[in-house]
Structure formats: structure tokens, C-alpha cells
Amino acid sequence: MVKFIETELEDLGREVDQMWTLVCNQMEQAQHAVLEMDRGAAQQIMVRERRVDAFELKIDSDVEDFIALYTPVAVDLRYVLSMLKINTDLERIGDYADGIARFVRDSDVDRLDPELVEKLQIKTMFSTVLDMFKELQEALREEDAGKATSVADKDDILDRLNRASTGVLTEYATAHKEAIPLCIGFGSVFRKLERTGDHLTNIAEEIVFYIDAKVIKHNEAQMAAKAKEAR
């Protein structure tokens, strides 16, 4: 029975890892779609979104079945609960990639102003998200709680770039009235990337919870940072 449970847990881990790779690829394609204003790539992202949704439903069902059949405790329970929550976060990130693709599809712009791209640091925004994605996947595979914690710190970069984008887009829209719809859409892209960082931080917290049985949500440092930001 113990060996069978181990096999079930390994299968669940592989499913989550496959979904992780799919969603990461969705975000990589979203980066390409935005930078090149590639509507074909955007359409592919939107089509693959159905696969992300199907993965989420399958993993949810597998977790529910495992808990009902085996009533896991201790590390096994932490593992399946973490996989369940990570699954939800990955699905939400897939939604953001889909939303970014829809921005590209609906835009009437064929080429971005290189100066605007430079000022917005959109490449840095995407590369930070993708780095967090890949490093957290490694942290889970290697069961490295320290790596997961250090990756979560990169979310501050996304917060800073998102805040800075508002001023850049406002200034650009003021000087280029015809670009107002583009700037509004770009603002939405930045918010989606910033929210992706929040979900990746959630995933980092779940990895730490599974490995070390520590709950790091709402710790004193985070609460102090949020209070400072609210002032």
C-alpha cells in the first residue's frame, strides 16, 4: 500500500510539472506576441488555454480522489494540499497569458515604438516573471525551500516596474493621442504580469509549506512592506 501511495504521489507531481511547463510556455509565447505584436502567436496561446483548463480540472480531481481514498497525514497531506493550491495559481497565470494574447489580437498596432519599449522595461518585466517561473520549478523538483524563498523576493522588481509603467504610459499617451488605446492595453499587460508575480510568490510559499511545514504568508516583513506601500 505504501508503495502504491508513493506511485500516486509521483504521478500527481508529474502532472503538476507538466502543467507548469505548459503555462510557462504560454507566458514565453506571450512575451514574443507582445514584443513582436504577433497575432498568430497570440491566437496559439488562446487555443492552448483550453489545455491549461483541462489540466487544472484533472489535477483537482486527482487530489480530491487521493485525499478521499488514502486520508493522508503529515508530509503527504502537505504535499497534496500544496499541489492543489499550486495548480490553482498556475491556472490563474494561464488566464493572464491568455489576457495578454487578447490584447495583442485586438490591437490595431503592428509594431511597437522601440523607445516606449525601452522606457517601460517590458523585457525586464517578462524576463523576471520567466526567471521566477523556471527557478521555482527547479525548487520544487529539488525540494529546495531556500531557493523558493529567494525567488519570491524577485516579486519586488515586478511591483516596481508596474508602478513606474503608469507614469511612462501617461506621458506617452499625452504626446501621442493616437496611441491612447495602446497605452491603456499596455497598462493591463503590466497589471497582469504584476499579478503573475503575486501568484508565483504564492507558489513559493506553498513549496516552503510542503518542504519545511512552515507558513510564511503574512509574516511580519511582508506586513510591514504592505503597510509602507499603503502610506
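The chain has 9 helices and 0 strands. Helices here are DSSP runs of H or I with at least four residues, strands are runs of E with at least two, and both are numbered from the N terminus. Along the sequence the pattern reads α-α-α-α-α-α-α-α-α.

This is a predicted model, in which local features need pLDDT of at least 70 and side-chain atom pairs count only at pLDDT 80 or more, while totals for chains, interfaces and linings use all residues. Residues are numbered from 1 along each chain as its sequence is written, and side-chain values use heavy atoms, with hydrogens and water left out.

**Overall form**

The C-alpha trace spans about 65 × 40 × 25 Å along its principal axes.

Buried residues make up 47% of the 231 residues. Buried means under 20% relative accessible area, exposed means over 50%, and partly exposed lies in between (1.4 Å probe, protein chains only). Contact means heavy atoms within 4.5 Å. Of the contacts between residues at least 6 apart in sequence, 83% join residues at least 24 apart.

**The nonpolar core**

A nonpolar core is a set of buried Ala, Val, Leu, Ile, Met, Phe, Trp, Tyr and Cys residues joined through side-chain atoms within 4.5 Å. The largest one has 73 residues. Trp20, Met27, Phe133 and Phe186 have the most contacts inside it. Elements giving two or more residues to this core include α1 (2-36), α3 (74-106) and α8 (180-212). The most comes from α1, with 13 residues. In soluble globular proteins, nonpolar side chains tend to be buried together.

Phe133 shows the packing in detail. Leaving aside neighbours within four places in sequence, Phe133 is in contact with Trp20, Val23, Cys24, Met27, Leu90, Ile93 and Leu200.

**Two positive phi angles**

Thr71 and Ala74 each have a positive phi without being glycine. Thr71 is found in the loop between α2 and α3, whereas Ala74 lies in helix α3. Both count as exposed because of their relative accessibility.

| Residue | Phi | Relative accessibility |
|---|---|---|
| Thr71 | about 35 degrees | 59% |
| Ala74 | near 55 degrees | 53% |
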